[in-house]
Amino acid sequence: MTEDLLRLSAAAQAQRIDAGAVSGEEVFEFWRERAAEDGLGAYLWVADDNPGGSLPPVAVKDLFCVEGVPSSAGSRILEGYRPPYTATSVRNLIQGGAHVLGKTNQDEFAMGSSNENSGYGPVENPWDRALVPGGSSGGSAAAVAGGSAPWAIGTDTGGSIRQPAALCGIVGLKPTYGAVSRYGMIAFASSLDQCGPLTRDVTDAALMLRLLEGRDPCDSTCVGIEGDIALPSAERLDGLRFGVWGLDEEGLDAGVADTCRAAIARIEELGGGVQDVELPNAGHGLSAYYVIAPAEASANLARYDGVRYGLRSTDNGDLTSLYEQTRHDGFGDEVKRRIMIGTYALSSGYYDAYYGKAQKVRTRIVEDFRAAFEQVDFVVTPTSPTVAFKLGERTADPLAMYLSDYFTVPMSLAGIPAISIPAGLSEGLPVGLQIAGPAFSEAKVLDAAHALERAIGFEGVPRT
Amino acid sequence: MTITEAETRAYEPVIGIEIHVQLKTRTKMFCACALSFGEAPNTRTCPVCLGHPGTLPVTNAEAVHFALMIALAFDCEIAPRSIFHRKNYFYPDLPKGYQISQYDIPLATAGRLGDVRIHRVHLEEDAAKLVHAGASGRIHGAESSVVDFNRGGTPLVEIVTEPDLRNAADAAEFGRLLQATLRRMGVSDVNMEEGSLRMDANVSIRPVGETTFGTKTELKNMNSFRFLERGIDAEIERQKRTLADGGEVEQSTLHFDPSSGAITTLRSKEEAHDYRYFPEPDLVPIAPTEEMLDRAREALPELPAARAERLERDLDLPADTAKLLAFRADVGDFYESALSPDGGSPRNLANWTINELTARIGDADPATTKLEPKAFARLVTMVGEKQISAAAGREILDVLVSEGGDPAALVEEKGLGRAGEDELAAIVDRALADNPDAVEKIRAGKGQAVGAIVGAVMRDTKGRADGGQVQRMISERLGR
């Protein structure tokens, strides 16, 4: 009976628990065994007790602090760190009946687009184990796509939920900045980080968002979403206007573009209006992002100094060498690169030229979206310029790796909600379509995504 | 090299003060930990003030309230939206690797306290406390260092003055006014030795008549007003000597050692940090509403400067006396509660308060002694009306402070009432008989010899006699 669980969405499993067809403990046990046998490198820790729950358990990205549970943000500098408290988002899930199934692998401190920057080894894509799952929430995406988790949470700073969801053929939602608490999320870039669901389908994403969102007195930037998040029910898109952006961008893989065009054609079939939309400054998003995010990260990661927790490298006992040696040993190359970029961008004499300028670009992008949403209800783009790429293919070329987030970064900078849903396959691999809406329009985005998801009829089953 | 008078006069010191005030809020600046008052190390901590991964700061509303009170007390312009910045540097007393402070948009600007303009008032968090084992007492060369995070995250208000002060004594005087003002508001313990009030001085000198500023140095953390004054004086002298020797004052951060009087360099300009300030993304701006401002305004008591002015004006007290009463709010409160329309001269009462009462209670709040304000007023009135001598009044006050009671009853009990005309007649007669030499001199016109007779009468009556009355009786008896 529990074998069926693998085929069911989280919402359907919850209904079975509710109906008494299966117990919460049985469901938890089923997934715990799956997680423990995961062969993709998706998990860094799997629960050893069974709290059951009224909802299926959730795989949690390693950077969420869970009391007493190893929480390292994929970094060696936090190896063995067990937080004394639990993140608000995780507490909300637990209170809602979804307990922690395990901690999933990720790029170190969420810095990466392939999960290859993890301090604990890469994650393999369940569609083809020679390929990356995307990142930074690569473990969460691979676990859901590969059938070792019913659903998962991740974090998205510039695309870290949406891009791995796209590359693994699942749904990933980045909520509006301020919808979900960041308290207990090990910070990468504070003005961009946002927690969200990685799920089998849009309904699961809505169900999970309902649990996650809400004002939090521990996070002054978190206001929650007004009103209830209804489970999506739309089957048509009549009267809704979709603005398409980015399909002619240089560097966009032709197969990805074709798959997206086919999905966009479905929008029209469902009664939606499709038009091109201009986002004149969105193309500068990556440049601004790679100043703002590292600048914030350079401060956020200063606390890993070997004094209070995590790794402490001892050398000759001198304070400076304690700092230098600990950070030298504990951080990976990409993290060091971004700390240096960020430190430079904030330095006296360079601040205006880099950080100041990047903030101006960010403001322009916010204005671009505001203008766009006067014409259309949603902006639609490819999620990733390519399908999943080979492990090792881009590790030597950080700029090529950064381009993975070309289409997702503008929404992060604007703080608006965006969902990636599977649009189909290209070269046998999943392609993600991104749908973005105005701030706090999650319910509408989810409804539209639900209608389109039904029309596309993607079979979310990888080859493995 | 000695400094000539001319050289001393040739330069004008320019001094600005930077003050850090620990606020007496219930909890820390950005977390729910209670403030620490000498608890065991690291017992007032939580994941937030220890800088654990994933934690976020939340601004303490009471700290904002206190800071607004301070800004209003100084008549500052309050920013409609002030923001926090991160000030980045590595040190073990700074758990996040940055201090949350305010930078280019502080809570308040452009105020005034006394004759000194206030440049800015802003909120920030205090660092933790480092203790270094080993001889050096500093982190370099220490055998080991330990951190107590109890203090980390305590709310601080930083107050920066304009460079309006021109000598060390005025700087110390300003410090006292500031301390009295903040103490009156109840927003801080303002204790310099315990570090809840910390003062740095920016010092430069320039030729008299010059309008541009010389290069300034920053004297760090002097823990009493006396040291502040001595430190500034020492630094002014050092700068004068440097210039007289043909040298240049270099921008630096300095330490004044009060025991040796020596000034040492903590940091030169080259070693100055690049703090890489940027807006704190974890916090929203402070946007004071009308309600918040009203609440802060209503919470402001009468401040010492205004009180001194009122006491001087309404009660005709000398300026110094009024100021002493105003600067010690508890003593001033006691004084004012002892005042009554039929209670005799406010001036007498003030003198007894600042001379006799404070000598007996030290720094204690008079309200915490056994002395009742009304009893104190009656005692001073009895002295003023010469019902008892001043000496007797002091003796009674000793008892009132330690045991309480009614002054009239005590006078009766101790027999300290004035000697009457009848009682005195016999004593004066005896004194005249016992001092024939003095009597002779008085008769010969040497008026000052009367003192010997008065003295004898005073000894005999244990001070209960009124000197004027005794003199009159002597004159009557000797026919002069």
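What follows is a short exchange about terms and the values behind them.

Modeller: This is a predicted model, in which local features need pLDDT of at least 70 and side-chain atom pairs count only at pLDDT 80 or more, while totals for chains, interfaces and linings use all residues. Residues are numbered from 1 along each chain as its sequence is written, and chains are lettered from A and ligands numbered from 1 in the order in which they are written.

Colleague: What makes the largest nonpolar core a core?

Modeller: The term means a set of buried Ala, Val, Leu, Ile, Met, Phe, Trp, Tyr and Cys residues joined through C-beta atoms within 7 Å. Buried means that 20 or more other C-beta atoms lie within 10 Å of a residue's own; 12 or fewer means exposed, anything in between partly exposed, and C-beta atoms are placed from the backbone. The largest such set has 156 residues. A:V58, A:F378, A:I419 and A:I435 have the most contacts inside it. Helix α8 (residues 285-300) of chain A gives the largest share, 10 residues. A second, separate core has 103 residues, including B:V147 and B:L410.

Colleague: Which residues is A:I435 in contact with, neighbours within four places in sequence aside?

Modeller: Contact means C-beta atoms, placed from the backbone, within 7 Å. By that test A:I435 touches A:F378, A:V380, A:A418, A:I419, A:V445, A:A448 and A:A449.

Colleague: How do you know that β10 and β11 of chain A pair?

Modeller: Strands are DSSP runs of E, at least two residues; helices are runs of H or I, at least four, and both are numbered from the N terminus. Two strands pair if DSSP finds at least two bridges between them. Strand β10 (residues 418-426) and strand β11 (residues 429-436) of chain A have 8 bridges and run antiparallel. A:S426 stands opposite A:L429.

Colleague: Why are β1 and β8 of chain A called edge strands?

Modeller: Each pairs on one side only: β1 (43-46) and β8 (273-276) of chain A. They belong to an open sheet of 11 strands with mixed pairing, in the order β1-β3-β2-β4-β6-β5-β10-β11-β9-β7-β8 (chain A). The twist averages 30° from one strand to the next.

Colleague: Why is β6(A) described as largely enclosed?

Modeller: 6 of the 6 residues of β6(A) are buried, so the rest of the structure largely encloses this strand. It pairs with β4(A) in the antiparallel sense over 6 bridges, with A:W151 opposite A:T199. β5(A) also pairs with β6(A) in the antiparallel sense, over 2 bridges. There A:G172 faces A:L198.

Colleague: What packs on that sheet, and at what angle to β6(A)?

Modeller: Helix α6 (residues 202-212) of chain A touches β4, β5 (171-174), β6 and β10 of chain A, and makes about 145° with β6(A). Axes are lines fitted to C-alpha atoms, for helices over the stretch in contact, and angles run from 0 to 180 degrees between N-to-C directions. Helix α4 (residues 138-145) of chain A runs at about 155° to β4(A).

Colleague: What do β5(B) and β6(B) form?

Modeller: A hairpin, with 2 residues between the strands. B:G114 in the turn has a positive phi of about 60°. 5 bridges join β5(B) to β6 (residues 116-125) of chain B, antiparallel. B:R112 stands opposite B:R117.

Colleague: Where do the domain bounds of chain A fall?

Modeller: Such bounds come from an automatic or database domain assignment. Here it gives domain 1 (2-234 + 388-456) and domain 2 (282-363) of chain A. Their C-alpha centres lie 25 Å apart. The contact takes 27 residues from domain 1 and 24 residues from domain 2 of chain A. Chain B is divided into domain 1 (5-297), domain 2 (302-414) and domain 3 (421-478). There, 64 Å separate the C-alpha centres of domain 1 and domain 3 of chain B.

Colleague: How many residues does each chain give to the contact between chains A and B?

Modeller: Chain B gives 25 residues and chain A gives 35 residues. Ala, Val, Leu, Ile, Met, Phe, Trp, Tyr, Cys and Pro count as nonpolar, Asp, Glu, Lys and Arg as charged, and the others, Gly among them, as polar. On that count the chain B side divides into 14 nonpolar, 6 polar and 5 charged.

Conventions. Two residues are in contact if their C-beta atoms, placed from the backbone, lie within 7 Å.
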